[in-house]
Amino acid sequence: MEGNCFNQGVFLVTLLLLIVATLVQGQGTRVGFYSSSCPQVESIVKSVVQSHFKSDPTIAPGLLQVIDDAKNQLESACPGVVSCADILALAARDSVVVTGGATWVVPTGRRDGTVSQASDASNLPGFRDSVDVQKQKFSAKGLNTQDLVTLVGGHTSGTTACQFFSYRLYNFTSTGPDPSIDPSFVSQLQALCPQNGDGSRRIGLDTGSANRFDNSFFANLRDGKGILESDQRLWTDDSTKTFVQRFLGIRGLLGLTFSVEFGKSMVKMSNIEVKTGTAGEIRKVCSKVN
């Protein structure tokens with residue numbers, strides 16, 4: 001599915017929160033929701049993320065195997081109490097921290113939807129989307145242009161497959177590769193993803209810092225080294241370029257601290273269309289798919 005090109009980026013976790021919590025049910029999350037019913041929830045999720053990361057430093061962007069492990073441990077400690085949606089929100093935060101980003105406070109109290117299906121992901125950003133289309137998709141969820149740039153910045157960690165960007169390297173125009181790619185970088189990417197080669201081969205979305213949560217992703221956009229076409233467009237569109245520059249601390253602009261703003265946008269994202277109270281369910285198995 002074209003719109004799911006982000007399937008190994010931290011950004012996916014924020015989008016999964018929308019899939020797990022479908023339909024508007026009001027915003028009833030709060031900090032410390034499990035303080036009485038399962039006070040160890042955050043320490044358990046944090047421990048699981050750290051354990052998986054120590055055994056495999058590339059695991060942080062994906063997280064899905066981690067979620068199931070955390071759910072199993074929480075079902076033993078607090079059966080039927082902690083939702084998969086909340087585990088996702090906590091694990092997303094902890095995966096950022098374990099890869100060098102700043103922490104943030106996560107409001108909890110979400111419940112899981114009763115149905116998860118691929119069609120729920122039809123409105124996710126696609127790797128060929130223009131900035132206008134990306135902004136429309138985010139705006140439809142109550143997220144602004146800064147949220148868009150910030151959350152796409154989650155691609156500072158994770159990988160993507162050649163099939164999602166190799167078209168930019170060969171015959172993109174009548175004269176050759178995508179002109180928005182730095183010419184010296186084109187040959188590097190062609191070596192990694194040869195024409196008619198293995199489309200499933202994965203490379204880092206943030207060249208030179210694929211497993212580190214920092215602002216180098218934005219520096220790569222500035223330098224014409226964005227892997228996905230939709231990512232690189234954040235630099236070539238004036239409405240988003242300003243935020244990329246602010247994350248880079250360009251002189252004359254009010255600077256933004258990426259890891260701090262990422263936490264704010266994650267909280268904003270994770271409170272969209274959540275189920276709370278008696279709506280939905282508390283799943284016993286997070287990987288359940290209908």
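Biologist: Leaving aside neighbours within four places in sequence, which residues is S209 in contact with?

Modeller: This is a predicted model, in which local features need pLDDT of at least 70 and side-chain atom pairs pLDDT 80 or more, while totals for chains, interfaces and linings use all residues. Residues are numbered from 1 along each chain as its sequence is written, and side-chain values use heavy atoms, without hydrogens or water. Contact here means heavy atoms within 4.5 Å. On that basis, the partners of S209 are T156, D214 and S216.

Biologist: Where is S209 found, and is S209 buried or exposed?

Modeller: S209 is found in the loop between strand 2 (202–204) and helix 8 (216–222); helices (H or I, at least four residues) and strands (E, at least two) are DSSP runs, numbered from the N terminus. Buried means under 20% relative accessible area, exposed over 50% and partly exposed in between, with a 1.4 Å probe and protein chains only. The relative accessible area of S209 is 10%, so S209 counts as buried.

Biologist: How many residues of helix 6 are buried?

Modeller: Helix 6 covers residues 145–152. N144 caps its N-terminal end, with a side-chain oxygen 3.1 Å from the backbone nitrogen of Q146. The buried residues are Q146, D147, L148, V149, T150, L151 and V152. Helix 6 is mostly covered, and its buried count is 7 of 8.

Biologist: How are helix 9 and helix 10 placed relative to each other?

Modeller: The axes of helix 9 (residues 229–236) and helix 10 (residues 238–248) come within 5 Å and cross at roughly 85°. Axes are lines fitted to C-alpha atoms, for helices over the stretch in contact, and angles run from 0 to 180 degrees between N-to-C directions. Angles of 65 to 115 degrees count as roughly perpendicular. Helix 9 and helix 10 are therefore roughly perpendicular.

Biologist: Which residues of helix 10 meet helix 9?

Modeller: On the helix 9 side, R233, L234, W235 and T236 take part. In helix 10 they meet D238, T240, K241, V244 and Q245.

Biologist: What percentage of the protein chain is buried?

Modeller: The protein chain has 11 helices and 2 strands, running α-α-α-α-α-α-β-α-β-α-α-α-α from the N terminus. Of its 290 residues, the share that counts as buried is 52%.

Definitions and conventions:
Parallel < 35°, antiparallel > 145°, perpendicular 65-115°, else oblique. Polar contact = N/O pair within 3.5 Å; in protein donor to acceptor, adjacent residues only side chain to side chain.
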